[in-house]
Amino acid sequence: MAEGKKGRRGANGFVVFVIGILAVLLSFLLRVPCRVPEWNVSERFPGLCSAQLDPGDLSVTPNTMLEGFFTGGPSGDQPIVVGMFTSVLGWMTTGLAQAFNVELSANTVLDLTVVLTALVWVVIIATVAGLSGKQPSDPVVMAFAPTVLLVGFSAWDLWAVMFMMLAVASYIRGSPGIAGLWIGLGATVNLLPVLVLVAILFMAARYRYIGDFFIALLSSVIFFAAVNGPYMVTEFDRWREQFSGTLDGPAEGTTVWDVWNTVLAGPTGLSVDTAAVENLSLVVVLLAVVAVLLVTVLAGKDPSIVQVLLLLLLVYVLFGRDWSLLQSVWLVPLVVLARRSWIEFFVWQAVEIGYWATLNAPGGGWETQPVFQQWGWTPQDAFAVLRVLVLLWFLIAVSVDIQRGKRALLIGVHAKNM
């Protein structure tokens, strides 16, 4: 019996790996037209062809590997923890090329950063599969999420999402120290994984056991300092500039405050002063976080950290100062685990695709449609409103789920029994 179980798990692991690779290949195929100069796709659809990932440098010698290990990789412009991987693998690739007399060029091997990002997505899918219990469809649905295929592989955010999900899985398995390790590493890419610490604090407040939080906090600080420390000591100004870049994510499109001023300010007669948005956003986010704490503490049954973390991310995305499509990528694995409704998931993804299209598709065609002329809205306004409504639905629905305790007991059951 034991061998049979191991065989099944191995087969499931192989299936997850294949699904992840197929998703990455599909994302790559979507961008193949960008590589055909005659089609001018990069000019007509810049959002499809643009990428924040700089080409990986494969010509890494032992000296340059050591130089780039703590300073953003061989190219010097990658997040530190990503640069560690690209430095080591670039050195290994260079050594193998020299051993087999292969000349490295842009056409010899795929961009190293793309290969690493593909493996990162496979790890995320495997983590969701481990938390899904008896829901094997969860990782399959998530693997081909349109938002991830369109924008997920164009930035470093997937690395931070991976560390966030590994932290969640570690906490569910009863290892807050390991969760802190992943949080500390994730914070070197983007500070959103720190919300896992807040979720752990809220869970500790519910169970009146603060030890898990302090263990996770101490572990995250230690590993964050271990990764950033050498760079901070040797080149503080350069580190500060690079670290500040992780705080300023790309703002593509609108925030909830922009939606209000564009759509509802006229009918209601109330508008939000753009100069006061920063302070107003901070106050609303803090009040919403307190509300999440109350929902967690007063829950009828045991909530899951997945649900609490999803509420915190929804609050941040909805009421924060910017709202990019990349932030929707952060929500994908949590929405899949917390709601487990294909209809809801694909309705949300359809809205995100529509909004992405209004940002990136050639303008002029949609605005001429009669329905938009009658409403007086642009297509982007319509999809912006729908984005807000969908996330508000998730916020309310997950809060109700926590109170009822129905879905919480299903999350992470498989992981606890491993």
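This is a predicted model: local features need pLDDT of at least 70, side-chain atom pairs count only at pLDDT 80 or more; totals for chains, interfaces and linings use all residues.
View 1. Residues are numbered from 1 along each chain as its sequence is written, and side-chain values use heavy atoms, without hydrogens and water. H20 covers residues 379–404 (helices are DSSP runs of H or I, at least four residues, numbered from the N terminus). Its 26 residues should span 38 Å at 1.5 Å a residue, and the end C-alpha atoms, 37 Å apart, agree with this (expected span: 1.5 Å times one less than the number of residues).

**View 2. Helices H9 (residues 157–172) and H11 (residues 195–207) pack at an angle of about 20°.** Their axes are 10 Å apart (lines fitted to C-alpha atoms over the stretch in contact, with angles from 0 to 180 degrees between N-to-C directions). The two helices are therefore roughly parallel (angles under 35 degrees). Met164, Ala167, Val168 and Tyr171 of H9 meet Val196, Ile200 and Met203 of H11 (contact: heavy atoms within 4.5 Å).

**View 3. Helix H21 (residues 413–416) has the lowest mean pLDDT among the elements of the protein chain, 42.** pLDDT is the predictor's confidence in each residue, from 0 to 100. Helix H10 (residues 176–186) has the highest mean, 94. Over residues 413–418 the pLDDT stays under 50, and the model has 8 contacts for them beyond four places in sequence. The protein chain averages 77, with 69% of the residues scoring at least 70.

Note on methods
Angles under 35 degrees count as roughly parallel, over 145 as roughly antiparallel, 65 to 115 as roughly perpendicular and the rest as oblique.
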